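I am opening a notebook on a structure that is new to me. I will go from the whole chain to its sheets, then to single residues and pockets.

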Amino acid sequence: MRPAFEFGAEVRVLRNVRNDGTYPGMATGTLLLRRGSVGFVRDVGTFLQDQIIYSVHFLDEDRVVGCREEELQPASDPWVPSRFEFRDRVTARIPLGMQGKVVVERGAEGEVLKVIRDAPGGVAYHVWFEGPNPLQVPESALDGVGVDD
């Protein structure tokens, strides 16, 4: 088991990081880092002898947070920002259709299940609206709930 990142490496976190109860002085569930934040590896260790954990200093947030290897990428790798994240509430900006039939009315509220950064035409999301299946929706067809655009 060899670490992918060495001391001093500049890395980007791939998902939102919330306090799991191990970050002192903040309530469990508090958002510590937004997806895309950049930091520097300060230390490399292991957890349960089979997981590499990186102690990463995120300068903009002035936080040192433990991250698993799969949560990080080199900061120099391409990054596509998105307006919404997992579990964000969104509304349909336009009626959404499938096979020529409107299945979600304009203004219907849904929840983001997954961010798709490499979708043809730009960022898209798997969004669950009222109904049996989630839909893949382009970012341009969504508004945030309670967000002025």
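The entries below record what I looked up, one topic at a time.

**Entry 1: the whole chain**

I note at the start that this is a predicted model. I looked up the secondary structure and found 14 strands and zero helices in the protein chain. Read along the sequence, the pattern is therefore β-β-β-β-β-β-β-β-β-β-β-β-β-β, with strands as defined by DSSP runs.

I then took the extent of the C-alpha trace, which spans about 55 × 35 × 30 Å along its principal axes. The protein chain has 149 residues, and buried residues make up 35% of them. I also looked at contacts with a separation of 6 or more: residues 24 or more positions apart account for 47% of these.

I followed strand E1, residues 10-13, to its partners. With E7, E1 pairs in the antiparallel sense over three bridges. Two residues of this pairing went into my notes: Arg12 has Gln73 as its bridge partner in E7, and Val13 has Leu72. E1 is also joined to strand E4, residues 38-47, by three bridges, and these two strands run antiparallel. Here I found Val11 opposite Gly39 in E4.

**Entry 2: the sheet with E11**

I turned to another open sheet of five strands. Its order is E13-E12-E11-E8-E14, with antiparallel pairing. The edge strands are E13 (135-138) and E14 (142-144), each of which pairs on one side only. Neighbouring strands of this sheet are turned by 50 degrees against each other on average, with direction ignored.

Strand E11, residues 109-116, and strand E12, residues 124-128, run antiparallel and are joined by five bridges. In this pairing, Val112 stands opposite Val127 in E12.

**Entry 3: Gln73**

I came back to Gln73, the bridge partner of Arg12. Gln73 lies in strand E7, residues 72-74. Is Gln73 buried or exposed? Its relative accessibility is 13%, and the limit for buried is under 20%, so Gln73 counts as buried. I listed what Gln73 touches, leaving aside its neighbours within four places in sequence: Phe5, Val11, Arg12, Leu14, Pro78 and Trp79.

**Entry 4: Ser55**

Next I looked up Ser55, which lies in strand E5, residues 51-58. Its relative accessible area is 22%; buried means under 20% and exposed means over 50%, so Ser55 is partly exposed. Leaving aside neighbours within four places in sequence, Ser55 is in contact with Phe40, Val41, Arg42, Asp43, Val64 and Val65.

I also took one distance across the model. Ser55 and Glu109 are 54 residues apart in sequence, and their C-alpha atoms are 38 Å apart in space.

**Entry 5: the largest pocket**

I looked for pockets. The largest pocket holds about 360 Å³ of space. It is lined by 16 residues, and the closest to its centre are Val17, Asp20, Thr22, Val65 and Gly66. Strand E2 (17-18) and strand E6 (63-68) are the elements that give two or more residues to the lining.

Which element gives the largest share of this lining? E6 does, with five residues. By class, I noted seven nonpolar, four polar and five charged residues in the lining of the largest pocket.

**Entry 6: the second largest pocket**

The second largest pocket holds about 230 Å³ of space. I wrote down its lining: Arg15, Asn16, Arg18, Arg34, Arg35, Glu85, Phe86, Arg87 and Asp88. By class, this lining has one nonpolar, one polar and seven charged residues.

Notes: Residues numbered from 1 in each chain as written. Predicted model: local features only at pLDDT ≥ 70, side-chain atom pairs only at ≥ 80, totals over all residues. Heavy atoms only, no water. 1 Å grid on protein atoms, 1.4 Å probe; cavity = no way out; pocket = protein on both sides within 12 Å on 5 of 7 lines; lining within 4 Å. Points joined across faces, edges and corners; volume = space filled by probe spheres on them. Helix = DSSP H or I, 4+ residues; strand = E, 2+ residues; numbered from the N terminus. Nonpolar A, V, L, I, M, F, W, Y, C, P; charged D, E, K, R; others polar. Buried < 20%, exposed > 50% of the residue type's maximum accessible area, 1.4 Å probe, protein only. Contact = heavy atoms within 4.5 Å. Pairing = 2+ DSSP bridges. Axes fitted to C-alpha atoms, helices over the stretch in contact; angles between N-to-C directions.
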